[in-house]
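The following note sets out the secondary-structure packing of the model under review. Please read the numbered points alongside the coordinates.

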Amino acid sequence: MSAKQYDNLTDSQLTLMAQQALTCYPAALQGQLSLLCRSENATFLLQAAGRRYALRLHRGDYHQKADIVSELLWLDALRETGIQVPEAVPDKEGETVLTVRLPDGSERYVVLFHWIDGEMPTTDVDPRAFQQLGNITARLHQHSKQWQPPAGFQRIIWDHHTMTSSESHWGRWQDAPNLNPADHGVVGQAISQVGAAMAQFGKGSDRYGLIHADLRLTNLLLHKGETRVIDFDDCGLGWYLHDLAAAISFVEHHPRAPEWIDHWIRGYEQVAHISDAEMAMLPALLIQRRIQLTAWVGSHAETDMAHSLGPAWASHSVRLCRRYLEGQQLPVGV
């Protein structure tokens, strides 16, 4: 594996670190911490003085502190335009990104956010939820294309190499559970074909820039008619239409996936236009994301998310790779 991936600390160890970080905040923020979930990071619910907050404890070997500071700068800029996104809470010293040191000398970063209310839609709801997802994504893209990041701004790079190569950010797709080695050739062929297509497509500013990179239904909150976006931890530089591929993450093989894509595009087009050149790249972007997730499952096999996918998920990935290579329809659905 090219890099450390899933955090091997226990829930108790992570909770102790979160409690240590919490002492750096004002007295009004001292309260009860409870672990909500673990993925790239550990997220805790903080209940203090009758209010709720989300404390994010970053795993090691992923983002630098400057990356996290840059994420918060983009969130600040988005809020100024009226888009509802998380807001960091400063500590006693006015810092929004805290550093917690482990006994071995390594460091972890912590950010405390104001809680955002809302209901999270799921794939069981009306597919028009994807229309809302496409609509808010277009608004983010509009901001990205117009915004001038401050000096020193840096975020993770999402391109073909960092998503699908053996040095990808999320490890090797070959390590995915239940992936038959006999099928490696099919996946490798799809990767080569996607790579050639993406190289020709290029990274012009009209098609490549700062994106959320993980804007799926689980990161969307609906509250009193308002659409809110959370979890910008993976935001970085990537192809704008990668956000469409990310919208159906892990469920590309679902029978309703083509319908979800249609609704996402409909919502996006209410705000901004998707060019013919971008639409032509959609098959490549969809299968590239699925292969990227296959690597993620391999490097995060102990997570609840990976366990929930079931033993057939990898074979579905191979089936979708074959469909992409056949080139007759989108590599989604049954």
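1. Basis of the note. The model is predicted: local features require pLDDT of at least 70 and side-chain atom pairs count only at pLDDT 80 or more, while totals for chains, interfaces and linings use all residues. Residues are numbered from 1 along each chain as its sequence is written, and side-chain values use heavy atoms, with hydrogens and water left out. Helices (H or I, at least four residues) and strands (E, at least two) are DSSP runs numbered from the N terminus.

2. Helices α3 and α7. Helix α3 (residues 129-146) packs against helix α7 (residues 257-269) at an angle of about 45°, and their axes are 6 Å apart. Axes here are lines fitted to C-alpha atoms, for helices over the stretch in contact, and angles run from 0 to 180 degrees between N-to-C directions. That angle makes α3 oblique to α7; the classes are roughly parallel under 35 degrees, roughly antiparallel over 145, roughly perpendicular from 65 to 115, and oblique for the rest. On the α3 side the contact (heavy atoms within 4.5 Å) involves Phe130, Gln131, Leu133, Gly134, Asn135, Thr137, Ala138 and His141. They meet Trp260, His263, Trp264, Arg266, Gly267 and Tyr268 of α7. By class, the contact of α3 with α7 has six nonpolar, seven polar and one charged residue. In this scheme Ala, Val, Leu, Ile, Met, Phe, Trp, Tyr, Cys and Pro count as nonpolar, Asp, Glu, Lys and Arg as charged, and the others, Gly among them, as polar.

3. Helices α9 and α11. The axes of helix α9 (residues 282-299) and helix α11 (residues 313-326) come within 10 Å and cross at roughly 155°. That makes α9 roughly antiparallel to α11, and the crossing is left-handed. From α9, the contact draws on Pro283, Ala284, Ile287, Arg290, Ile291, Leu293, Thr294 and Val297. The residues contributed by α11 are Trp313, His316, Ser317, Leu320, Cys321 and Tyr324. The contact of α9 with α11 comprises 10 nonpolar, three polar and one charged residue.

4. Helices α5 and α9. Helix α9 also packs with helix α5 (residues 184-201): the two axes come within 10 Å and cross at roughly 130°. That makes α5 oblique to α9, and α5 passes α9 in a left-handed crossing. Val187, Ala190, Ile191, Val194 and Met198 in α5 meet Ala284, Leu285, Ile287, Gln288 and Ile291 in α9.

5. The five-strand sheet. An open sheet of five strands with antiparallel pairing has the order β1-β2-β3-β5-β4; strands pair if DSSP finds at least two bridges between them. Strands β1 and β4 (98-101) stand at the edges with a single partner strand each, so one side of each is left without a neighbour in the sheet. Direction ignored, neighbouring strands are turned by 30° against each other on average.

6. Pairing within that sheet. Strand β1 (residues 32-38) and β2 run antiparallel, joined by six bridges, and form a hairpin with two residues between them; Ser34 has Leu45 of β2 as its bridge partner. Eight bridges join β2 to strand β3 (residues 51-58), also antiparallel, with Gln47 partnered by Arg52 in β3. In the hairpin of β2 and β3, Ala49 takes a positive phi near 50°. Six of the eight residues of β2 (residues 41-48) are buried, so this strand is largely enclosed by the rest of the structure; buried means under 20% relative accessible area, exposed over 50%, and partly exposed in between (1.4 Å probe, protein chains only). Strand β3 pairs antiparallel with strand β5 (residues 107-114) over five bridges, and Arg56 stands opposite Val111 in β5.

7. Helices on the sheet. Helix α1 (residues 11-22) lies across β1, β2, β3, β4 and β5, running at about 130° to β1. Helix α2 (residues 65-80) packs on the sheet and touches β3, β4 and β5, its direction making about 15° with that of β5.

Methods
Left-handed = near helix turned anticlockwise from the far one by under 90°.
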